[in-house]
Amino acid sequence: MSPRGSRRITTLWPRRVAVLSVHTSPLEQPGTGDAGGMNVYITHTAVEMARRGISVEVFTRATSSEQPPVAELAPGVLVRHIPAGPFEPLARDELPAQLCAFTSGVLRAEAFHEPGYYDLIHSHYWLSGQVGWLARDRWGVPLVHTAHTLAKVKNAALADGDKPEPRTRVIGEEQVVAEADCLVANTPVEARQLVNLYSAEPRTVHTVSPGVDLNRFTPGSQAAARDKLGLPRDAVVLAFAGRIQPLKAPDVLLHAAARMLATAQPGLGDRLVVLVVGGPSGTGLEQPQALRELAVTLGIEQQTRFLPPQPGEVLAEVYRAADVVAVPSYNESFGLVALEAQACGTPVVAAEVGGLPVAVAHGASGLLVPSHTAEDWSAALATVALRPERRAELAANAVRHAHRFSWSRTTDALLKTYAAASNSFSALRSGVAV
């Protein structure tokens with residue numbers, strides 16, 4: 001309730017939103033480099049906002065001299081390529097040194113317009129939050145920030161041999177959390193992490209679940225999907241889709257598959273297919289052949305098939321072809337792959353971490369595994385893949401569960417958060433309580 005004598009500020013939807021995505025562009029193919037769920041999130045929410053009459057401009061770092069200064073992602077959505085550093089992809093730990101140049105480019109683009117051109121800034125990932133913090137003060141507009149992943153959470157659950165996030169990132173995240181007018185968390189778990197680990201003001205944290213493209217990811221014929229991918233119709237298919245890096249833990253699937261072959265009924269070796277879709281990313285680039293070498297070491301090279309990152313329409317066929325999709329990550333702020341697979345009618349076996357308990361309904365649309373051991377994972381995968389009746393039950397529930405999420409609902413909730421951020425920002429500037 002507002003104190004006596006104060007007035008409540010109301011806000012309409014913004015006319016134009018500046019979206020900051022320093023380290024990855026929504027134009028890039030998810031599943032390779034640094035492109036992943038964040039790219040999907042930015043693309044779909046931007047398009048949904050444009051459908052509501054809101055102009056969206058996405059600022060991202062130029063990685064090639066051949067990229068145009070401005071490209072249209074969709075009607076009402078522009079992508080601005082900002083020169084900052086060399087025209088080539090850079091590792092994330094190299095990007096902080098380019099933030100001054102990137103910020104300068106963002107501010108220069110706004111300077112060509114009348115004051116008040118952008119109504120709000122939405123930054124994604126901590127690097128963008130650093131830029132958004134400065135632009136917020138220069139432009140006099142509110143800042144909404146989505147972390148997507150948090151260094152303190154990642155460092156608490158590192159995969160074996162993976163590198164901890166640097167102190168520079170931790171400090172950068174703390175600064176952004178303190179400065180943003182509103183913080184968007186994917187799940188209630190992430191919201192609590194922002195409050196408990198980063199001392200975020202609870203009133204600034206808004207939980208908005210990501211969505212899934214329910215027009216693209218739909219149930220379909222498993223046999224037809226297997227024909228398109230060149231897979232035997234009678235195969236037992238375990239699939240992984242995502243970036244090949246320790247955080248995403250595709251090695252857990254390979255170890256589990258090897259154990260399944262060692263403990264399951266005879267003949268499984270002739271039918272099992274482990275389908276891995278994605279490209280090396282992050283620390284996975286240090287040993288880009290490590291997963292293929294592991295398959296050889298485990299003796300399952302004949303059962304393992306590798307595909308490069310695929311566009312959405314092909315990825316949907318991968319999901320439909322699979323008996324089960326594995327999401328064995330050590331940390332996931334949400335887990336869009338899990339939702340996409342379930343929308344296609346394929347049960348998911350996922351690690352019980354981060355936002356995956358929201359994305360997967362344990363025992364209903366899939367199974368959650370509380371560890372990363374080969375024993376636990378092989379048992380869970382076998383429960384789904386080798387028991388047709390159980391799989392059919394989970395598949396039906398998976399579609400219903402996925403339909404609880406859509407990008408339209410996500411965007412509606414984001415716009416409410418934008419209104420709250422605008423109210424908070426206006427109150428801060430005017431000294432009026434909200």
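In this predicted model, six strands are arranged as an open sheet in the order E11-E10-E9-E12-E13-E14, with parallel pairing. Strand E11 (304-307) and strand E14 (366-369) are the edge strands; each has a single partner strand, so one side of each is left without a neighbour in the sheet. Neighbouring strands of the sheet are turned against each other by 20 degrees on average, direction ignored; axes here are lines fitted to C-alpha atoms, for helices over the stretch in contact, and angles run from 0 to 180 degrees between N-to-C directions. Strand E9 (residues 236-241) pairs with strand E12 (residues 324-327) in the parallel sense over two bridges, and Ala239 has Val325 of E12 as its bridge partner. Two strands are taken to pair if DSSP finds at least two bridges between them. Helices (H or I, at least four residues) and strands (E, at least two) are DSSP runs numbered from the N terminus.

Residues are numbered from 1 along each chain as its sequence is written. Local features of this predicted model need pLDDT of at least 70 and side-chain atom pairs count only at pLDDT 80 or more, while totals for chains, interfaces and linings use all residues; side-chain values use heavy atoms, with hydrogens and water left out.

Helix H11 (residues 312-321) has eight of its 10 residues buried and is therefore largely enclosed by the rest of the structure. Buried denotes under 20% relative accessible area, exposed over 50%, and partly exposed in between (1.4 Å probe, protein chains only). Among the buried residues of H11 are Leu315, Glu317, Tyr319 and Arg320. Their cover includes helix H7 (222-229), E9, strand E10 (272-277), E12 and H12.

Six aromatic pairs are present in the structure. Rings of Phe, Tyr and Trp (its six-membered ring) pair if their centres lie within 6.5 Å; planes under 30 degrees apart count as stacked, over 60 as edge-to-face and the rest as tilted. Tyr118 and Trp139 form a stacked pair, at 5.1 Å centre to centre and 20 degrees between the planes. This pair links distant parts of the chain, 21 residues apart, with Tyr118 in the loop between helix H2 (99-111) and strand E5 (120-124) and Trp139 in helix H3 (residues 125-139). Tyr118 is buried at a relative accessible area of 2%, and Trp139 also counts as buried, at 12%. An edge-to-face pair is formed by Phe334 and Phe405, with 5.8 Å centre to centre and 65 degrees between the planes. Both Phe334 and Phe405 are buried.

His148 lies in the loop between strand E6 (143-146) and helix H4 (151-155) and is buried, with a relative accessible area of 9%. Its side chain is joined to that of His124 by a polar contact of 2.8 Å, a term for a pair of N or O atoms within 3.5 Å; within protein, one must be able to donate a hydrogen and the other to accept it, and residues adjacent in sequence count only if both atoms are side-chain atoms. Leaving aside neighbours within four places in sequence, His148 is in contact (heavy atoms within 4.5 Å) with Met38, Tyr41, His124, Tyr125, Glu190 and Ser333.
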